[in-house]
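Please open the model in your viewer and keep the selection panel at hand. The stops below follow one another as a series of selections.

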Amino acid sequence: VWRYEECVDFKIPHLCGFRWCWIPNWLPSWCPTSQKDLQAAETRMLRCVSCSFTKHFIPVSNGCQLWTLACGGAGSRGKTPLVLLHGFGGGVGLWVQNLDALSRGRPVFAVDLLGFGQSSRPHFSKDPRRAEDQFVEAVEQWRAKVGLESMILLGHNLGGYLAVSYSIRHPGRVKHVILVEPWGFPERPDSSEADRPVPVWIKALGAVFSPFNPLAGLRLVGPLGPSLVQTFRPDLRRKFTSMFTDNTVSEYIYHLNVQTPSGEAAFKSMRGEYGWAKRPMLQRIHRLRPDVPLTVVYGSRSSIDCDAGGALKELRPYSHVEIMTIRGAGHYVFADQPEDFNQRVSQVCETVD
C-alpha cells in the first residue's frame, strides 16, 4: 500500500526519497538524517586536518550553491590552485588524508559537486548530455565566482569524467588534468563480448533495480542504514584508521548518501547498462586541446579497467599523457595509500607554476 517515488521536493511527508501515502506528518523521518547531521558528520571528518582552511557556499546559477573547502596559507599564494572533484557519492570530507600535504605548496580547493554533499541538490535533466552540462557549467560558474584564472583539476571517478568534460569546453582555464580512477571513458564492448561474462543473476538484479537511483536501497532500509554501511563497507573505515578509531567515516558516508537524490539521479541518467557511460569520454577526447597535459592515476588492486589510460596515450600521441600506478591501492587510491598518492600528485603539481 505504498508507492515509491524518488523526489527532489520534500515538502510533503517523505521518507528519504520515498513518498508514503499512509504515514502521518507527525511521525519522524524514516532515515535518521538531516542537513545538520551531514554538517556535523563533515565537521568530525575535518577535525584531523592541520592546515588552515575556510568553508564557504559559493553561489552559482539558478540559486544554487557549491560547498567549498579552501586550504593554504600565505606561502602558497601565487601558485596555480589545485581543485579536487570527488567521485560518485563522495564529498569534501573524504580528502582529509590529502589536504595537509597537497596544500603545502599551493592553494587547494575541495568542492562538493552540484547535487552531492552539502552543495545544492537541484533537479537535473534526464538527458545525459544536458545533465553533464549542468555539472560542468556549475564548475565554471564556481571558478569565476572564486576568481581563479586557471587551475590544476583533479577528479576521482565521476569527478575525473567531469574534469575532462570541463577541460574540453574551457581549456584555457586548466593547466593540468589529473584523473584518479576515472569513470566513463571506455565504450561499452560489443554485446556479444559484454554479455558473455555477466552471470544471469546479475542481469536479473540489474533489470529489477534499473528504474531506481543507485543509492535508493540505502534510503529504503531507513533506520538500518547507518549500521548497514558499517557492516557491508568496513573497508571504508579501515582506509582512515590512521585518523579515526570510531564510526566517523561510516556516519559521514551515510549522511552524504541518503539526502535528496539529485546528483545521484543525474548520474543514473548518464550511466547505461552495467555502469557504462552513455557518452564515453574516449569518443570525445580528440576535442581536448593538445597542450592540456593529462596524468592518470590507478590503484594496483582496483577493479577499474586501466585500459582507458593506454587508450588515452594512443589517442593523444602528441600530448603529454602520463600513467601512474600506486601499489597496494584500490579504487579509493587517495585513501588507500595517501602518502604515496600525495607525493605523486605533489610531483605533478610541481611541474605547474
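Begin by selecting the strands (DSSP runs of E, at least two residues, numbered from the N terminus): in this predicted model, 8 of them form an open sheet in the order 1-2-4-3-5-6-7-8, with mixed pairing, where two strands pair if DSSP finds at least two bridges between them. Strand 1 (53-59) and strand 8 (321-326) stand at the edges and have a single partner strand each, so one side of each is left without a neighbour in the sheet. From one strand to the next the twist averages 20°, angles being taken from 0 to 180 degrees between N-to-C directions of axes fitted to C-alpha atoms, for helices over the stretch in contact.

Next, select residues 82-85 and 151-156, which are strand 3 and strand 5, running parallel and joined by 4 bridges; here Leu84 stands opposite Leu154 of strand 5.

Finally, colour by pLDDT, the predictor's confidence in each residue from 0 to 100: the chain mean is 86, and 84% of residues reach 70 or more. Over residues 1-28 the pLDDT is below 50, and this stretch has 51 contacts (heavy atoms within 4.5 Å) beyond near neighbours in sequence. Residues 200-212 stay under 50 as well, with 7 contacts beyond four places in sequence.

Residues are numbered from 1 along each chain as its sequence is written, and side-chain values use heavy atoms, leaving out hydrogens and water. Local features need pLDDT of at least 70 and side-chain atom pairs count only at pLDDT 80 or more, while totals for chains, interfaces and linings use all residues.
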